[in-house]
Amino acid sequence: MDFKRSIGMLVACVFSFTYVITPLYLISSVVLLAMYPTVNSLIFMAPIIISALIPVIQMPGIVKSTIFGYMKDYFDYEEHFEMSDDKLIELIDSYKKAGRSIIFTGLPHGIVSYGGLCAGAAADPRYNKLVTAAAGAVLATPILKHIVGVFGLIDASGKSLKKRLAKSGMEGSVVLYTGGIAELFKCSTEKEILFLKQRKGFIKLALREGADIVPLYFFGNTSVLTIPVSSLLETISRKLQVSLTIFWGRWGLP
């Protein structure tokens, strides 16, 4: 494995390990502080407190100019569009003048959307103002929100999306993973499954706000990581609006 692919693998692992380590760190910090309310316990918890107080810092430009881009080399990432970046940017600019916006639907969700992360790292700088909608739990979780938030995130709630789409052009457009948690639990290394037939909310939203829909399909998103099949975990996760499961990848690691 060459240098870029090795670095790309390490960068990719940062995201999956963050999803594993952050909840464990949060729980252990709270338990430690409850059992031993000392200065040392507060010091151990300091990163969580600091992260909770600092808003998400969006830095898509930095993502494109640093080692984040090496993820594309690790995954042998390729892009195929129906039109060039120049034509799409021109189209989006025309939408701005017309007061319209676009919902880019990301399919399938995957456990960690490495297709989406690679797309963000590979994107033309003119897309820097485009944001991705994420579960409120992700945006509220210290440390996790800052790791994934560098790409540019907003809350996936209906109120937040409506506010975003009220703007126009790039500033009013958003990437939305329509399958959500339900689709996440259908991940499989054998086949790709979309949870789409029951997802009519984003269509209604687009009609109400006068937004167009552009599909983005991330081939391979569901084959990078594996989760156990559990209808109970899926039910609990969907009710709490946060994914509660374990997952693994190459060599059984996150």
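Q: Is Ile50 buried, exposed or partly exposed?
A: Buried means under 20% relative accessible area, exposed over 50%, and partly exposed in between (1.4 Å probe, protein chains only). Ile50 has a relative accessible area of 48%, so Ile50 is partly exposed. This is a predicted model, in which local features need pLDDT of at least 70 and side-chain atom pairs count only at pLDDT 80 or more, while totals for chains, interfaces and linings use all residues. Residues are numbered from 1 along each chain as its sequence is written, and side-chain values use heavy atoms, with hydrogens and water left out.

Q: Which helix holds Ile50?
A: Helices (H or I, at least four residues) and strands (E, at least two) are DSSP runs, numbered from the N terminus. Ile50 lies in helix 2.

Q: How many residues of strand 1 are buried?
A: In a regular strand, side chains alternate between the two faces of the sheet. In strand 1 (residues 102–107), six of six residues are buried. Ile102, Phe104 and Gly106 are buried on one side, and Ile103, Thr105 and Leu107 on the other.

Q: Which strand pairs with strand 1 over six bridges?
A: Two strands pair if DSSP finds at least two bridges between them. Strand 5 (residues 212–217) pairs with strand 1 in the parallel sense over six bridges; there, Leu216 is the bridge partner of Gly106. Strand 4 (residues 174–176) also runs parallel to strand 1, joined by three bridges, and its Leu176 stands opposite Thr105.
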